Amino acid sequence: MSDFFSSLANISKKTCPLTGHYQSTYKDYDGISIYKSNKCIYGLENTNSFKVFLLNLSVDERFNLFSLLNEYCVFHKDKIPVVLSNEAQIPAKSNDYEFFRYKDISKKFPSLGAISLRVLKNFAKKAQDSDSFEAVQVAPHGGAFTSTMGNNYESFFSRNFDHITSTIGSLKKEHYVSVTTAGTSGKILRVTLTEEGLTHALEAVDKSSGAKKSTRSTQIKPQCFVAMKFGKMADIVVCDSIGVQSIPLQNLEKAKKDFRAKYNLELCVKDKRDMDKFYKNTLHTLVESELKIKCVRVDKQRHTKIIVEKIKEEIDKSKFLICDLTYHNQGVYFEAGYAVQSGKPIIYICEQSHYSNIHFDVKHINIIQYDKKKPDALKKAIRETIKEEDLA
């Protein structure tokens, strides 16, 4: 029911009595007050007495109810959960709604010892639905309840950031999640499910349901982040000089003109190369088409985030990186450095004629040198590395 509001007219914004979020999407429909807060769509009994009842609940009780409704939405995409008063009669089965009395659904809130597993199961369900180990953002707040909105506190069943940190810590200790922190401060920015976490969560679901053997797929397509210089490039040399520089091909004519005017020298083009074509025909073909690993090129993604944050997010979600050091691109070094800090495996490659130009800090690392005229040899080397390091 994620597209519920898209087909309705006269939709308004209203403060939600559960979250305190004043910009919740709202609609009175079928005698139910339906809200959308964060990504959760849920309904509340539309009577004055139930509205008063909700207002008399504590902030924690309202938050707990919202956490349970959010959990229901994670596992049930086809129905909207609706909370009724304790005295209400449960309507007949509906194709669109699942009805709960408040007293019944509130009993489902997890005990302290059960929170970690419930959190893990939610993460696993989201991963299966998106076929990706999506990162969950979480950050401390200043105490106001509304500031927890957008920070995914409901995914951790707690308004207390110390409790959330403890839950994340216990999951990280078991290698069920990976955690991205901010520099030396240690502040948690993102939490990402691991393959071990997915497997454990699904085994727990099967155990609780009495299944003897899991029939579910525990395989989420792994992701590879590709860091390299994209676009068409030209290697140029100044006549009577042994120096070689690389510039974007689109800047070549201007560079020739500037050198001629300033130094009365001519630039000679030593080589031209289309790195977009190299990515598509070699790296993408090998990684995504042959090995069935999601190949991520962040400059082609549509998003509204600051590019550096998007890069970090995609690296966090990736199982490994391929970094092409050809053309000595500073962005590639930044992405590789962040990956190293995050503990991500990196396959380094470099076109052999550019190897002498790479930074001395990385020359001690195993780097696959390749001949651009022999793409099959490069594919073989990357394929063998992925197999030996168990990255697929």
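1. The side chains of D276 and R297 come together in a salt bridge, with 2.9 Å from N to O; a salt bridge here is a side-chain nitrogen of Lys or Arg within 4 Å of a carboxyl oxygen of Asp or Glu. The pair joins distant parts of the chain, since D276 belongs to helix 8 (residues 275-290) while R297 sits in the loop between strand 14 (294-296) and helix 9, 21 residues apart. D276 counts as partly exposed because its relative accessibility is 29%, whereas R297, with a relative accessible area of 12%, is buried. Buried means under 20% relative accessible area, exposed over 50%, and partly exposed in between, with a 1.4 Å probe and protein chains only.

2. A word on the basis of this note: the model is predicted, so local features need pLDDT of at least 70 and side-chain atom pairs count only at pLDDT 80 or more, while totals for chains, interfaces and linings use all residues. Residues are numbered from 1 along each chain as its sequence is written, and side-chain values use heavy atoms, with hydrogens and water left out.

3. Five strands make up an open sheet with parallel pairing, in the order 14-10-15-16-17; helices (H or I, at least four residues) and strands (E, at least two) are DSSP runs numbered from the N terminus, and two strands pair if DSSP finds at least two bridges between them. At the edges stand strand 14 and strand 17 (367-370), each of which pairs on one side only. Neighbouring strands of this sheet are turned against each other by 25 degrees on average, direction ignored. Strand 16 (residues 346-351) pairs with strand 17 in the parallel sense over four bridges, and C350 stands opposite Q369 of strand 17.

4. Two helices pack on this sheet. Helix 8 touches strand 10 (223-227), strand 14, strand 15 (320-324), strand 16 and strand 17, and its direction makes about 155 degrees with that of strand 14. Helix 9 touches strand 10, strand 14 and strand 15, with its direction at about 140 degrees to that of strand 10. Contact means heavy atoms within 4.5 Å; axes are lines fitted to C-alpha atoms, for helices over the stretch in contact, and angles run from 0 to 180 degrees between N-to-C directions.

5. Helix 9 also carries charged pairs of its own. K312 and E309 meet through their side chains in a salt bridge of 3.9 Å, N to O, and both lie in helix 9, three residues apart, about one turn of the helix. E309 counts as partly exposed because its relative accessibility is 32%.

6. A nonpolar surface patch of about 350 Å² is made by I306, I307, V308 and F334. Patches consist of residues with over 30% relative accessible area and no salt bridge, in which like charges are joined within 9 Å and nonpolar side chains (Val, Leu, Ile, Met, Phe, Trp, Tyr) within 5 Å; accessible areas come from the Shrake-Rupley method with a 1.4 Å probe, and for residues only the protein chains shown count as cover. V308 is placed in helix 9 (residues 307-317), and its relative accessibility of 33% is why V308 counts as partly exposed.

7. Another open sheet is formed by six strands in the order 1-2-3-4-5-6, with mixed pairing. Strand 1 (12-14) and strand 6 (97-101) stand at its edges with a single partner strand each, so one side of each has no neighbour in the sheet. The twist from one strand to the next averages 35 degrees.

8. Within this sheet, strand 2 (residues 24-29) and strand 3 (residues 32-37) pair in the antiparallel sense over five bridges, with T25 opposite K36 and I32 as the bridge partner of Y29. Their hairpin has two residues between the strands, and D30 takes a positive phi near 55 degrees there. Strand 3 pairs with strand 4 in the antiparallel sense over six bridges, and this hairpin likewise has two residues between its strands, N38 in the turn having a positive phi of about 60 degrees. Five of the six residues of strand 3 are buried, so strand 3 is largely enclosed by the rest of the structure.

9. Helix 2 (residues 59-75) lies across strand 3, strand 4 (40-45), strand 5 (80-84) and strand 6, running at about 125 degrees to strand 4. The structure holds 13 salt bridges, and one of them joins R118 to E71, with the closest N and O atoms 2.7 Å apart. This pair links distant parts of the chain, R118 in helix 4 (residues 115-130) and E71 in helix 2, 47 residues apart, and both R118 and E71 are buried.
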